[in-house]
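Student: Please take a close look at the side-chain links in this protein with me. I would like to hear which residues pair up and where they sit.

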Amino acid sequence: MRRLLLVTAAASLAAVGVASSQDTTMSFFVTSVGSGKGADLGGLAGADGHCASLAEAAGITGKTWRAYLSTSDTDARDRIGNGPWFNAKGVKIADDVASLHSDANAITKQTALDEKGEVVNGRGDNPNRHDILTGSKPDGTKIADQTCGDWTLSGAEGAAMTGHHDRTGLDDSAAAQSWNSSHASRGGCSQEALRSTGGDGLFYCFAVN
């Protein structure tokens, strides 16, 4: 019995040690800037590279970054690893993919920070930058023809589904409050078109490791 108690105690301490050593360094952020070319991000590879460059400039190294973006043959939810994810202040955003795409996630204007740990302008700020490019449905799967040519278009053609990082819109509908699937861009995929509805070509970045 005494041996069993010792083994149980050791296992419990080990579990506590694992929990306390969890990496809470930044593994989620909203880009502080976009590509500057509207929704033309250079495809998924270009968007991933943008995430990595911003993270490294902010002092976060050793992580593999993926943009939360769907394309015609890829679902955003399948690109971002397993979680958990933390913002630049060490606040947990979600434990896993399922909780990220549920009401259990902690994405708000105060937590969806950029890579420098700064709040991103939302509805009511000037300028409003709360339209975040995703190309996705609420469950993180792709939406046909709403990815601006798989993130290669920057003109008057095409459209991109966007979410609201501040969970605020014109009304209290689920879409208006969705972080990843609120409405499509209007007037194309250019920087001007994205800005006209309250965006700036920003997107979410997640570390997969």
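Tutor: Let's start with Asp75 and Lys142, whose side chains meet in a salt bridge with N and O 3.2 Å apart. A salt bridge here is a side-chain nitrogen of Lys or Arg within 4 Å of a carboxyl oxygen of Asp or Glu. The two partners are 67 residues apart and link distant parts of the chain: Asp75 belongs to the loop between strand 2 and strand 3 (85-86), and Lys142 to the loop between strand 5 (131-133) and helix 4 (148-151). Helices (H or I, at least four residues) and strands (E, at least two) are DSSP runs, numbered from the N terminus. Asp75 is buried at 15% relative accessible area, while Lys142 is partly exposed at 30%. The cut-offs are under 20% for buried, over 50% for exposed and in between for partly exposed, with a 1.4 Å probe and protein chains only.

A word on the model itself. It is predicted, so local features need pLDDT of at least 70 and side-chain atom pairs count only at pLDDT 80 or more, whereas totals for chains, interfaces and linings use all residues. Residues are numbered from 1 along each chain as its sequence is written, and side-chain values use heavy atoms, leaving out hydrogens and water.

How many salt bridges does a search of the whole structure find? There are 8. One of them joins Lys63 and Asp23, at 2.9 Å from N to O. Lys63 is in the loop between helix 2 (43-57) and strand 2 (65-67) and Asp23 in the loop between helix 1 (2-20) and strand 1 (28-30), so this pair ties together parts 40 residues apart in sequence. Lys63 counts as buried at 16% relative accessibility, but Asp23 is partly exposed at 43%.

Another salt bridge connects Asp200 with Arg129, with 3.0 Å between the closest N and O atoms. This pair again links distant parts of the chain, 71 residues apart: Asp200 is in strand 8 (residues 199-207), and Arg129 is in the loop between helix 3 (97-100) and strand 5. Both Asp200 and Arg129 are buried.

Salt bridges also form a network, made by Asp48, Arg66 and Arg79. Look at Arg79, found in the loop between strand 2 and strand 3 and buried at 13% relative accessible area. Its side chain has a polar contact of 2.7 Å with that of Asp48. A polar contact is a pair of N or O atoms within 3.5 Å; within protein, one must be able to donate a hydrogen and the other to accept it, and residues adjacent in sequence count only if both atoms are side-chain atoms. Not counting residues up to four places away in sequence, Arg79 touches several residues, including Leu44, Arg66 and Val208. Contact means heavy atoms within 4.5 Å. Arg79 and Val208 are 129 residues apart in sequence, yet their C-alpha atoms are 7.8 Å apart.

Next come the disulfides, pairs of cysteine sulfur atoms within 2.5 Å. The structure holds 2. Cys51 is joined to Cys205, with 2.0 Å from S to S. The torsion about their S-S bond is about -80 degrees, so this disulfide is left-handed. It links distant parts of the chain, Cys51 in helix 2 and Cys205 in strand 8, 154 residues apart. Cys51 is buried at 0%, and Cys205 is buried at 0% as well.

The other disulfide is between Cys148 and Cys189, with an S to S distance of 2.0 Å. It is left-handed, with -95 degrees about the S-S bond. Cys148 lies in helix 4 and Cys189 in the loop between strand 7 (183-184) and helix 5 (191-196), so the pair ties together parts 41 residues apart in sequence. Both Cys148 and Cys189 are buried. Counting bonded cysteines along the chain, the disulfide pattern is 1-4, 2-3.

Trp65 is one of the residues that touch the most other members in the largest nonpolar core, which has 22 residues. Such a core is a set of buried Ala, Val, Leu, Ile, Met, Phe, Trp, Tyr and Cys residues joined through side-chain atoms within 4.5 Å.
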